[in-house]
Amino acid sequence: MTAEKPRVLFVCTHNAARSQMAEALLRKHAGDRFEAASAGFEPTEVHPLTREVLTEVGIDGRDLSAKGLREFLAKRAVRHAIIVCAQAEEQCPKIYPFAAETLYWAFDDPAALEGSPELQRAKFRRVRDEIDERIQAWLRTQDATGSVR
């Protein structure tokens with residue numbers, strides 16, 4: 001019998017950009033070690049630029065979908081909850097404790113930027129790359145069971 005992989009849940013307000021990127025990037029880098037998921041307090045829909053910038057780094061984002069926290073709270077075990085936006089961090093006391101570990105990694109909201117399509121795309125790329133670097137640094141601190149080394 002195979003042990004379940006530790007679940008990492010990335011939480012954001014709308015589950016439209018940052019948390020979706022983090023879910024997809026963790027799955028790319030360590031899908032064999034972790035079950036990656038994402039959810040939002042007020043889920044909307046995945047931003048089209050989220051899918052576009054993930055495709056640029058070899059990730060197929062067609063199957064991404066916005067999910068609500070209700071899908072996870074008291075229903076699925078979560079080893080690591082990683083809050084990726086400041087607004088969601090403010091709401092977190094309402095959901096604590098639901099994970100063995102809760103981390104706060106606030107990233108800028110790329111969807112909040114107004115401007116030309118190229119400026120928006122550049123913002124999504126920058127945030128994607130910041131999330132990717134943070135995930136890879138975090139992975140270096142985890143052992144095969146999803147615990148801190």
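Helix α1 (residues 18-30) and α2 cross at roughly 25 degrees, and their axes come within 10 Å. This is a predicted model. Angles under 35 degrees count as roughly parallel. α1 and α2 are therefore roughly parallel to each other. The crossing in which α1 passes α2 is right-handed. On the α1 side, Gln20, Met21, Ala24 and Leu25 make the contact. They meet Thr50, Val53 and Leu54 in α2. By class, the residues of this contact of α1 with α2 are five nonpolar and two polar, with no charged residue.

Next comes α1 against α4. Their axes come within 9 Å and cross at roughly 45 degrees. That angle makes α1 oblique to α4. This crossing, too, is right-handed. From α1, the contact takes Arg18, Met21, Ala22, Leu25, Leu26, His29 and Ala30. From α4 come Phe124, Val127, Arg128, Ile131, Asp132, Ile135, Gln136, Trp138 and Leu139. The contact of α1 with α4 has eleven nonpolar, two polar and three charged residues. Met21 and Leu25 of α1 take part here, and both also meet α2.

The remaining pair is α2 with α4. Helix α2 spans residues 48-55 and helix α4 residues 117-139. They pack at an angle of about 60 degrees, with their axes 10 Å apart. That makes α2 oblique to α4. The crossing of α2 and α4 is right-handed. Here Leu49, Thr50, Glu52 and Val53 in α2 meet Gln120, Arg121, Phe124, Arg125 and Arg128 in α4. The residues of this contact divide into three nonpolar, two polar and four charged.

Now turn to the empty space. Rolling a probe the size of a water molecule over the atoms shows where such space is left. The largest pocket has a volume of about 150 Å³. Which residues lie nearest its centre? They are His14, Ala16, Arg18, Asp109 and Ala111, out of twelve lining residues. The lining divides into five nonpolar, five polar and two charged residues.

Conventions: Residues are numbered from 1 along each chain as its sequence is written. This is a predicted model: local features need pLDDT of at least 70, side-chain atom pairs count only at pLDDT 80 or more; totals for chains, interfaces and linings use all residues. Side-chain values use heavy atoms; hydrogens and water are left out. On a 1 Å grid over the protein atoms alone, a cavity is a set of points where a 1.4 Å probe fits but cannot get out, and a pocket is an open set with protein on both sides within 12 Å along at least five of seven lines; lining residues have an atom within 4 Å of a point. Grid points are joined across faces, edges and corners, and a volume is the space filled by probe spheres set on the points. Ala, Val, Leu, Ile, Met, Phe, Trp, Tyr, Cys and Pro count as nonpolar, Asp, Glu, Lys and Arg as charged, and the others, Gly among them, as polar. Axes are lines fitted to C-alpha atoms, for helices over the stretch in contact, and angles run from 0 to 180 degrees between N-to-C directions. Helices (H or I, at least four residues) and strands (E, at least two) are DSSP runs, numbered from the N terminus. Angles under 35 degrees count as roughly parallel, over 145 as roughly antiparallel, 65 to 115 as roughly perpendicular and the rest as oblique. A crossing is left-handed if the near helix is turned anticlockwise from the far one by less than a right angle, and right-handed if clockwise. Contact means heavy atoms within 4.5 Å.
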